[in-house]
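Please examine the structure shown below. The paragraphs that follow lead through its charged pairs, its aromatic rings and the surroundings of its ligand.

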Amino acid sequence: IFGRRVRNLSRQSQDRIADVGSYVAEALGQIKTVQAYNHQQQDQQRFAQTVEDAFATARKRIFQRAWLITLVISLVLGAVGVMLWVGGMDVIAGRITGGELAAFVFYSLVVGGAFGTLSEVIGELQQAAGAAQRIAELLQSKSLVLPPSKGLQVLPARVEGNLQLENLYFSYPSRPESYAIEGLSLSIKAGETLALVGPSGAGKSTLFDLLLRFYDPQQGQILLEGVPITRLDPHDLRRCFAMVAQTPALFFGTVEDNIRYGNPQASDAQVEAAARIAHAHDFILQMPEGYKTHLGDGGLGLSGGQRQRLAIARALLVDAPILLLDEATSALDAQSEHLIQQALPSLMQGRTTLVIAHRLATVQNADRIVVMDQGKLVAIGTHAQLIASNPLYARLAALQFNVEMGRSAQSKSTETL
Ligand code: ATP
């Protein structure tokens, strides 16, 4: 009974310790926000509370173990007491000698001590079993995105990049009541540059997640080169994509490790060429050890724009047939953005490119622009067609270009002054 309790509590204790770890990692990872909002006091209290919870669970576990050991020791000592009494009676009655009783008491203490130790070992084993149960659960959890058990198809070595989205419906598992993508159908030809625009929360990034098969849609299907992506090995599927995410993820390691992330075999010359196209070469050379400079956790020590440029260089080096750019130039200054925009056409040549951008100036030259709103495809066409036909796009364009015109007028008048 106590062993089972110890096992359960050991498992809970592991979970509470994990809570402490993730809380600390989160607070330290966002330490600038914590300090900027003077949140140290509250964080100290929350940290203390998390540690207290872990401590309370550990104490409960130790309490149960203590009971287990106390019980065993009391039983052993009780048995020795009973034995002394019965044995003492036998010595008085002359059935055994005092020496025999002493020897028996000595042996039984040795055996009793061994049982006491055994109970401690059982306690420890139960504690380990509790922790192992958690690990076993984690090891047994299965990914929902798996290669099909039968009918697996393999993509040809050279993929053109034709994509077909057929009547997609998708809601996130944590929000099953509302669709993030609703009834979306779209056909994207190889080599085409397609821009996705629309208000925040329209489902643009979600569409990228579906293309990369991080989730499967509830209805509808996505075809790559005419093959449903659920029929492919996710590994085979994802080699066709190079992605620059909205918040570029960099890792602990050197600058060149980060650029080589998707293509570890790339030569130094290829790394440098990709960095040059992404306009990252110059700032990398200014760093203390150039391409060999070590970045901190999560790319610490770089500005937002520099991170984006490294992420773009990384995507270029992968040389995949489909390029996904999610707000890839949003953190760049106007000049770097302009330079990258100029480099992008040569990059996009021969590749299917999907670009998400809030700044319409960056997507005007796309072959087609898709306007999304609340998970639905509202309109599709070129910049000029959409200005004429779609009120949402016309409104977005009017707002942005007016603001930009206002800005340039303002800067001109400042120059005049
Ligand atoms: P933005 O331009 O601001 O990046 P978006 O068009 O890319 O917006 P998505 O990130 O695709 O929008 O989000 C679409 C909807 O799905 C939003 O309403 C969002 O709140 C919701 N959503 C996004 N990620 C998740 C998630 N992991 N779990 C539940 N809902 C999510």
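D19 and R16 form a salt bridge, with their closest N and O atoms 3.1 Å apart. A salt bridge here is a side-chain nitrogen of Lys or Arg within 4 Å of a carboxyl oxygen of Asp or Glu. The model is a predicted one, in which local features need pLDDT of at least 70 and side-chain atom pairs count only at pLDDT 80 or more, while totals for chains, interfaces and linings use all residues. Residues are numbered from 1 along each chain as its sequence is written, and side-chain values use heavy atoms, with hydrogens and water left out.

Both D19 and R16 belong to helix 1 (residues 2-29), where they are three residues apart, about one turn of the helix. Helices (H or I, at least four residues) and strands (E, at least two) are DSSP runs, numbered from the N terminus. D19 is partly exposed at 33% relative accessibility, and R16 is partly exposed at 27%. In these terms, buried means under 20% relative accessible area, exposed means over 50%, and partly exposed lies in between (1.4 Å probe, protein chains only).

Side chains of opposite charge can pair when their charged atoms come close. The whole structure holds 15 salt bridges. In one of them, R65 meets E124, with the closest N and O atoms 3.4 Å apart. R65 lies in helix 3 (residues 40-93) and E124 in helix 4 (residues 98-140), so this pair ties together parts that are 59 residues apart in sequence. R65 is buried, at 16% relative accessibility, whereas E124 is partly exposed, at 46%. Another salt bridge joins D90 and R95 at 2.8 Å, N to O; R95 is exposed, at 61% relative accessibility.

Rings of Phe, Tyr and Trp (its six-membered ring) pair if their centres lie within 6.5 Å; planes under 30 degrees apart count as stacked, over 60 as edge-to-face and the rest as tilted. By this rule there are six aromatic pairs. One of them, Y169 with Y179, is edge-to-face, with 5.2 Å from centre to centre and 65° between the planes. Y169 lies in strand 1 (residues 163-170) and Y179 in the loop between strand 1 and strand 2 (181-188), so the pair ties together parts that are ten residues apart in sequence. The rings of F251 and Y261 are stacked, because their centres are 4.6 Å apart and their planes are at 10°. Furthermore, F170, Y172 and Y215 form one aromatic cluster.

How much of helix 5 (residues 204-211) is buried? Seven of its eight residues are, so helix 5 is largely enclosed by the rest of the structure. Among these buried residues are K204, T206 and F208. Helix 5 is followed by R213, whose phi is positive, near 55°.

The ligand is surrounded by 13 residues, of which the closest are S200, S205, T206, Q246 and H358. A residue is near a molecule if one of its heavy atoms lies within 4 Å of it. An oxygen atom of the ligand is 2.6 Å from an N or O atom in the side chain of S200, and a polar side-chain atom of R175 lies 3.0 Å from an oxygen atom of the ligand. The protein covers 70% of the 640 Å² of accessible area that the ligand has on its own.

Key
Polar contact = N/O pair within 3.5 Å; in protein donor to acceptor, adjacent residues only side chain to side chain. Areas by Shrake-Rupley, 256 points an atom, 1.4 Å probe, with all protein chains shown as cover.
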